[in-house]
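The sequence and structure come next.

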Amino acid sequence: MHTGSCHCGQIKFEVEGTFEEVNECNCSHCSRKGYLLWFVPRGRLSLKTPESAMSTYRFNKHVIDHHFCPNCGCAPFGFGKAPDGAEMAAVNIRCIEGIELSGVKRIPVDGRSF
Ligand SMILES: [Zn+2]
């Protein structure tokens with residue numbers, strides 16, 4: 001079980017599981033936010049703060065809800081659907097506590113070309 005939050009703590013969450021690698025995407029959105037994304041089934045992420053504490057950014061086809069904190073600006077996760085329809089969470093591991101980022105394997109994703 002990992003705990004995470006935005007910088008100011010208005011968004012707090014727990015996510016269950018282990019990861020060895022994360023996706024680092026070069027698209028215009030991910031590169032600006034610096035996302036290092038870990039994909040998990042939505043049910044493995046539990047919010048510890050009210051949904052109303054989050055703002056949501058949508059673009060392109062509007063299929064992913066990119067949540068962020070309206071107070072401090074951090075973007076800890078997004079919610080969307082996998083190609084098979086399963087509800088997924090894309091967790092930005094930069095917002096998880098106690099991770100040594102230099103020890104995490106990054107998989108480059110060429111989202112810019114999609
Ligand atoms: Zn915040």
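Leaving aside its neighbours within four places in sequence, which residues is Val15 in contact with? They are Met1, His2, Trp38, Val40, Arg44, Leu45, Val91 and Ile96, where contact means heavy atoms within 4.5 Å.

## Basis

The model is predicted: local features need pLDDT of at least 70 and side-chain atom pairs count only at pLDDT 80 or more, while totals for chains, interfaces and linings use all residues. Residues are numbered from 1 along each chain as its sequence is written, and side-chain values use heavy atoms, with hydrogens and water left out.

## Chain

The chain has one helix and 10 strands, in the order β-β-β-α-β-β-β-β-β-β-β from the N terminus. Helices (H or I, at least four residues) and strands (E, at least two) are DSSP runs, numbered from the N terminus.

A compact globule of 114 residues would have a radius of gyration near 13 Å, and the chain agrees because its value is 13 Å. That radius is taken over C-alpha atoms, and the globule rule is 2.2 Å times the number of residues to the power 0.38. The C-alpha trace spans about 35 × 35 × 30 Å along its principal axes. Of the contacts between residues at least 6 apart in sequence, 57% join residues at least 24 apart.

## Cores

Buried means under 20% relative accessible area, exposed over 50%, and partly exposed in between (1.4 Å probe, protein chains only). By this cut-off, 37% of the 114 residues are buried. A nonpolar core is a set of buried Ala, Val, Leu, Ile, Met, Phe, Trp, Tyr and Cys residues joined through side-chain atoms within 4.5 Å.

The largest nonpolar core has 20 residues, of which Val15, Trp38, Leu45, Val91, Ile93 and Ile96 touch the most other members. Two or more residues each come from strands E2 (12-15), E4 (37-41), E8 (77-81) and E9 (87-92). Another core, of seven residues, lies apart from it and includes Cys25, Cys27, Tyr35 and Leu37.

## Largest pocket

The largest pocket is lined by 29 residues, with Cys30, Phe59, Ile64, His66 and Phe114 nearest its centre. Elements giving two or more residues to this lining are strand E3 (21-25), helix H1 (28-33), E4, E8 and E9; E8 gives the most, with five residues.

## Gly80

Strand E8 also holds Gly80, which counts as buried because its relative accessibility is 14%. Not counting residues up to four places away in sequence, Gly80 touches Val63, Ala86, Glu87 and Met88.

Notes: 1 Å grid on protein atoms, 1.4 Å probe; cavity = no way out; pocket = protein on both sides within 12 Å on 5 of 7 lines; lining within 4 Å.
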